[in-house]
Every structure is written in C-alpha cells, then in structure tokens.
Amino acid sequence: MSSSAACIFCKIIKGDIPSFKLFESDKVFAFLDIQPLSRGHALVIPKYHGAKLTDIPDEDLLEILPVAKKIAKASGATDFNILQNNGRIAHQVVDHIPKPNEQEGMSIGWPTQATEMDKLKALHEEIKAKM
C-alpha cells in the first residue's frame, strides 16, 4: 500500500480519521460518506495512494466495481450512480475521463445533506450486516 501523510483518504484507511467502514481488503477500503448526497452514499477507494485513476496500478483496481456492486445491493438501491472524478475541472474536490476544459464533459451538482451521526451509524450497521 502506498500512502501520503497529507492525504485524507490515507488517514481514513490508517484509522487516523474515523469512518463508517463497510468493507476492507488488502487493496480496497469502502466507507459511508459523512456528507451524503443520498441514503447509502459510499466511497470505494483503492488503498494504493494515487492522485488520479491513471496513477494507480491495475491490480489495485480489480476489486473496486465488485465492492461498489455489493454496497449498492446491500443498501437496497435500485437506481444509483457510480462516479469517479479526476482533476479539479472534472469536479475532483479531494486530490486523487479526461475533461479538456470546464465547458466540456459532465456537469455535476452535489447537494449534500446535513449529517445526523446517529442515523448514519444505524445505516452503517444495516448495510454492513448485509455485506
């Protein structure tokens, strides 16, 4: 596992920042977002530190979609998005399909909801129990 001392995701993986962990293997870590767009909003990340998808070795990406699929099923979502952003103009807020400029490509709104930690904890247990 590669890591960076300043990377928020590396800190979450190491346990320096607490998370509502849903899944962990040697190469993948998945957890609930604390500023969710909707019920069950989770992040599935490689443990290998890379700023963009192209920085991560293929073998460290093999489990990403299967884990996302398990979370979607466990959360009961019938309609859902799987999104991966690379670079600032591609809406990558935290550094980690090329977008040539701000006018081209996908536009995304991100209307986050206030976090109620007790409800998030209950949802965490519900999804984790089904995985």
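What share of the 131 residues in the protein is buried? Buried residues make up 33% of them. Buried means under 20% relative accessible area, exposed over 50%, and partly exposed in between, with a 1.4 Å probe and protein chains only.

This is a predicted model: local features need pLDDT of at least 70, side-chain atom pairs count only at pLDDT 80 or more, and totals for chains, interfaces and linings use all residues. Residues are numbered from 1 along each chain as its sequence is written, and side-chain values use heavy atoms, with hydrogens and water left out.

**Overall layout**

The protein has 3 helices and 3 strands. Helices (H or I, at least four residues) and strands (E, at least two) are DSSP runs, numbered from the N terminus. From that end the order is α-β-β-β-α-α. The accessible surface comes to about 8700 Å², by the Shrake-Rupley method with a 1.4 Å probe. Carbon and sulfur atoms hold 54% of that surface.

**The hairpin**

Strands S1 (residues 21-24) and S2 (residues 28-32) pair in the antiparallel sense over 3 bridges. Pairing requires that DSSP finds at least two bridges between two strands. A hairpin of 3 residues joins S1 to S2. Phe23 stands opposite Ala30 in S2.

**Helix H3**

H3 covers residues 117-130, 14 residues in total. From first C-alpha to last, H3 reaches 20 Å, close to the 20 Å expected at 1.5 Å a residue. The expected span is 1.5 Å times one less than the number of residues. Leu120, Leu123, His124 and Ile127 are buried in H3. They lie on the same side of H3 because they cover an arc of only 110° around the axis. The arc is that of the directions from the helix axis to the C-beta atoms. An α-helix has 3.6 residues a turn, so residues three or four places apart point the same way. On the other side of H3, Asp118, Lys121 and Ala129 are exposed. What covers the buried residues of H3? The cover includes S1, S2 and helix H2 (64-75), with contact meaning heavy atoms within 4.5 Å.

**Cysteines**

A disulfide is a pair of cysteine sulfur atoms within 2.5 Å. By this rule the count is 0 disulfides.

| Cysteine | Nearest cysteine sulfur | Distance |
|---|---|---|
| Cys7 | Cys10 | 3.7 Å |
| Cys10 | Cys7 | 3.7 Å |

Cys7 counts as buried, at 7% relative accessibility. Cys10 is buried too, at 3%.
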